[in-house]
Amino acid sequence: MNFDDTPQEAEFRSLARKWIDANAPKHYEAELSKSSLGRIRLEKEDIVDVGKAWQKKKAEGGWACLHWPKEYGGRGASPIEKVIWQQEEGVYGKLTQPFQIGEGMCGPTVMAFGSEAHKRYYLPKLASGEHIWCQLFSEPAGGSDVAGLRTRAEKQGDNWIVNGQKIWTSGAHYSDYGLLITRTDPNVPKHKGLTMFFLDMKSKGVEVRPIKQANGMQEFNEVYFTDVVIPDSQRLGAVGDGWNVSLTTLMNERMSIGSRLATGFPEMLEFCSNLMTDDGLAIDDPATRSKLANWAVKASGLKYTSYRAISSLSKGERPGPENSIGKLVSGSMLQDIATHAMDLQGAAGALTGADEETARGQFQQMLLSSPSMRIAGGTDEILRNIIAERVLGLPGDIRVDKDVPFNKIPTKGR
Amino acid sequence: MNFDFSDEQKQMRDAARKFLTEKCPPKAVREVLDGKAPYDKELWKGLAEMGFLGVAIPEQFGGAGAGHLELCVIAEEMGRANAPVPFSSTVYLAAEALLLAGSDAQKQKWLPKIASGAAIGTLALFEGKGNPSPKAIKLQASGGTLNGVKRPVPDGAIADFAVVAARTGSTERDSDISLFLVDLKAGGVEAKPLTNVDPTRGQAELTFTKANAEPLGAAGEGWSILTQVLDRAAVLLAFEQVGGSDRALEMGRDYALDRIAFGRPIGSFQAVKHMLADMYVSATLARSNCYYGAWALSTNASELPEAAAAARISATQAFQHCSKNNIQVHGGMGFTWEFDCHMYYRRANTTALTLGSLSYWEDQLIDRMRKKNAA
């Protein structure tokens, strides 16, 4: 048992480190190190522009989407090499946020279901950051129940005509392409009537509207489709097989090992170590200490759980299911930490200004943003279902809509 | 990165599981639970024959000369089987104290007996309610003898010798505490068994009256040695707790799959599924923290104090959580004497206290993190 690289891994790491040292945009390092939760913002520049420049440089150096095959813009690297790259890329990895959905979900889906010509054209441009992709799955009527989606695609000659609405699409406003799942047959049970496409986001009839979120920010979009034309050649997988295609996409979403989730613990430990209350330092308060210790072992538990997964990759094995606990643990932790950090400040804990002397409003921001961490990418409840069913082998839910034609499923609760 | 046990260590775990499945079924645990024996003597003998008692004891002292990683995998299986033997007191506490601070003669005297199953050892630390602290130690050492009372002492009524924390000065300073080695069969010590929540692991009160004692380690070093012993035992016991957590989770899962109510397996209800998923989460966090503790223990890393506290807290929480909700998944049947759920519940909640309570270790962890940050 050790934390050491194998000789090959060490060699790869040193290669990556050297390249990053020579090429990384170091003037953003301090700013990137500070921001830990939610969408990254740069003070003077647009993260998308800076990110595109970094991604392009990486692609030129052979470091973009490095686990992809070379002919599609990658490096043909092994999973463990990808993890090592992420570790070395460090804070600069935050610059790649606009490309993560493309790299992690859309790209792999195109790779699995696209034509060879599509793969050779689209994937290298995705890898180099020239094109940004978004994922158009969630709908107002289908969040956790993605297969309940209602956006229609109807065949007309060699084209499909799409009408409907998607929601919670990150980056739709700056994306060039989108991965779109639609309903092509409402007369069969819901999982059977779906078909996957990709489309040019500049297509006529696509309208992107920002959503003002509960935390006051605008990071996601609604996307409306009005008679949007998509050529049949942009279909991924067979007609009616969209659900299986989407599983490939979602499986890749959950495979993101080594990407450290924010827990809020380091910030909280520092905050409690410095916050003077009437009874002394917050960290000396027994109730706070107990909470801190609880959060500490969750944070370290997640860290070493990911180390176990990395070790499996290093041995060329498939990681076990342990990593599925990450977001479930960290999401509610952020919320709890924010609440307690504010509690420690009494009435002043409600103040949000960045000029506040304690913690510059970061916990207040955490409080308002953290509900999304328990919802996006699988709600806590869906994640518990996944653990119960896929890890523990418990029965799936009894699905009352399973064998019912989609257009016969009730749409109102009462 | 190779943050995992080796194939050989995993084979040893499999061997331990196979052995314990055969020799330590719930029926055997119940013999002790029902008071028919103070511990399972046959099992103890078998563990010695398998080489498990001396796995981390060097060969020159009669052990197998493997390491602490090997001991960790065995500890996990001991917890999983709920083994009713004085393994933790003898191997994690007494043997570790001897290995850390014993003279060659002391090691030569006791370690081979531990490895062969001929001697049971323990640590006599507590004197009534409270957590580990130098000022709580009143038992007096003078002129090579000890006078005072220790309670509770794990396995105190069946132990052959004890490492005893005693006062050799009058202040609250660490340096006023020293450790002693006492042959409990040599007279001057009276052992009284105490009833406790988990009868499969005995507790006793030891009264020392002019009991002959020899120093273990240098005078005044007692507290420092003790802290190290507790850290090492914390990691090892955490593996027992992880083994117990996993078993409790499995029992709950299996019952949820078998038990039908409202016309369907209860494991198909989300309320039950989510409870089991949360048990899996806490057991997984604990296991990962334990692996880090195992690494720190086996390499004697400077991170050990922090890693041990984290493993201890995480594993204590997980075992309490899993054993409690295992009963809940079982419903009424889980509250019968006949079902085994309560044996894990009992073990979880006594193991949680053995080396000092959860809140004590929480305090330790935060202190140690602060110390590290300050350095």
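Here are some worked exercises on a predicted model with chains A and B.

**Exercise 1. Finding the domains**

Task: Work out which residues make up the domains of chain A and of chain B.

Solution: 
- Step 1. Start with chain A, where the domain assignment gives domain 1 as 7-131, domain 2 as 134-246 and domain 3 as 265-391.
- Step 2. Turn to chain B, where domain 1 is written in two pieces, 7-88 + 101-118. Domain 2 of chain B covers 122-220, and domain 3 of chain B covers 224-374.

**Exercise 2. Reading the UniProt annotations**

Task: Find how much helix and strand there is in the annotated spans of chain B, residues 6-117 and residues 133-209, and of chain A, residues 134-228.

Solution: 
- Step 1. In an unreviewed entry, UniProt annotates residues 6-117 of chain B as "domain: Acyl-CoA dehydrogenase/oxidase N-terminal". This span is 68% helix and 0% strand, with its end C-alpha atoms 27 Å apart.
- Step 2. UniProt also lists "domain: Acyl-CoA oxidase/dehydrogenase middle" (unreviewed entry) for residues 133-209 of chain B. Here you find 0% helix and 52% strand, and the end C-alpha atoms lie 23 Å apart.
- Step 3. For chain A, the UniProt feature "domain: Acyl-CoA oxidase/dehydrogenase middle" (unreviewed entry) sits at residues 134-228. That span has 0% helix and 51% strand, and 17 Å lies between its end C-alpha atoms.

**Exercise 3. Where domain 1 meets domain 3 in chain B**

Task: Describe the contact between these two domains of chain B, and say which helix gives the most to the domain 1 side.

Solution: 
- Step 1. Count both sides: domain 1 of chain B brings 17 residues and domain 3 of chain B brings 18 residues.
- Step 2. Look for the helices on the domain 1 side. At least two residues each come from α2 (26-33), α4 (68-81) and α5 (87-101) of chain B.
- Step 3. Pick the main contributor, which is α4(B) with 10 residues.
- Step 4. Sort the domain 1 side by class: 9 residues are nonpolar, 5 polar and 3 charged.

**Exercise 4. Parallel or antiparallel?**

Task: Decide how α7(B) runs relative to α9(B), and how α10(A) runs relative to α11(A).

Solution: 
- Step 1. Take helix α7 (residues 222-258) and helix α9 (residues 304-330) of chain B; their axes come within 7 Å and cross at roughly 25°.
- Step 2. Angles under 35 degrees count as roughly parallel, so α7(B) and α9(B) are roughly parallel to each other.
- Step 3. The crossing of α7(B) past α9(B) is left-handed. Their contact holds 19 nonpolar, 9 polar and 2 charged residues.
- Step 4. Now take α10(A) and helix α11 (residues 362-373) of chain A, whose axes come within 8 Å and cross at roughly 155°.
- Step 5. Angles over 145 degrees count as roughly antiparallel, so α10(A) is roughly antiparallel to α11(A).
- Step 6. α10(A) also passes α11(A) in a left-handed crossing. Among the residues that meet are A:L334 and A:I337 in α10(A), and A:F363 and A:M366 in α11(A). By class, this contact has 10 nonpolar, 5 polar and no charged residues.

Conventions: Residues numbered from 1 in each chain as written. Chains lettered and ligands numbered in written order. Predicted model: local features only at pLDDT ≥ 70, side-chain atom pairs only at ≥ 80, totals over all residues. Axes fitted to C-alpha atoms, helices over the stretch in contact; angles between N-to-C directions. Helix = DSSP H or I, 4+ residues; strand = E, 2+ residues; numbered from the N terminus. Parallel < 35°, antiparallel > 145°, perpendicular 65-115°, else oblique. Left-handed = near helix turned anticlockwise from the far one by under 90°. Nonpolar A, V, L, I, M, F, W, Y, C, P; charged D, E, K, R; others polar. UniProt positions renumbered as here; feature names shortened; annotations may be inferred. Domains from an automatic or database assignment. Contact = placed C-beta atoms within 7 Å.
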